[in-house]
Amino acid sequence: VLDDIFMQVKDFKARGYSVKHCTLYGGEPLLVRNKSLIRDICERCRENDLTISAVTNGCELEHFIDIIEEFKFSNLQITVDGLKDIHDSQRPFAGGKGSYDKIMNNIGLALEHGINVSLRSNVTSKSIPGIKNLIDEFKSRGFTDNSHFSYYFKAAEYDMSTISDAD
């Protein structure tokens, strides 16, 4: 499949189309079990002069810092859906343990390595009251003082508890 995709990239470029960027997303691209596949994709992107970014839950990000730095990812979009109690209730690991602390620690790690992080927070009726406190959490962790960090909020009208980051 990768051969076919990158053959198409080369074909599009040969026909004059502008193909400049690859975003890894869907399910969760940055799973340790996919690391060799992600490296292969990144190498092919480099061969084809494509910049790279990823949309990730950030849960296994610590295993990809080397690849992200080596291939100079332009950005990571990571989702945190409110403060710890709200986020953990909506995005637990398969065993039920919350993912908030792991994700927030990995965001800090990425920022320490100069990786651009765009944090998205899906806002529901449950999380609205805690938005100011969430921003205060970003500040207390030093995220907002880091030029590689940005955040934004997105209204969500669906039940986040039905979505699993472990998929």
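Which residue in β5 does L119 stand opposite? L119 faces Y151.

First, the ground rules. This is a predicted model, where local features need pLDDT of at least 70, side-chain atom pairs count only at pLDDT 80 or more, and totals for chains, interfaces and linings use all residues. Residues are numbered from 1 along each chain as its sequence is written, and side-chain values use heavy atoms, with hydrogens and water left out.

Now strand β4, residues 117-123. Helices (H or I, at least four residues) and strands (E, at least two) are DSSP runs, numbered from the N terminus. β4 runs parallel to β5, residues 149-155, with seven bridges between them. Pairing requires at least two bridges found by DSSP. S121 stands opposite F153 in β5.

On to β3, residues 75-79. β3 also pairs with β4 in the parallel sense, over four bridges. Here Q77 stands opposite S118.

In β4, V117, L119, S121 and V123 point one way. S118, R120 and N122 point the other way.

Key: Buried means under 20% relative accessible area, exposed over 50%, partly exposed in between (1.4 Å probe, protein chains only).
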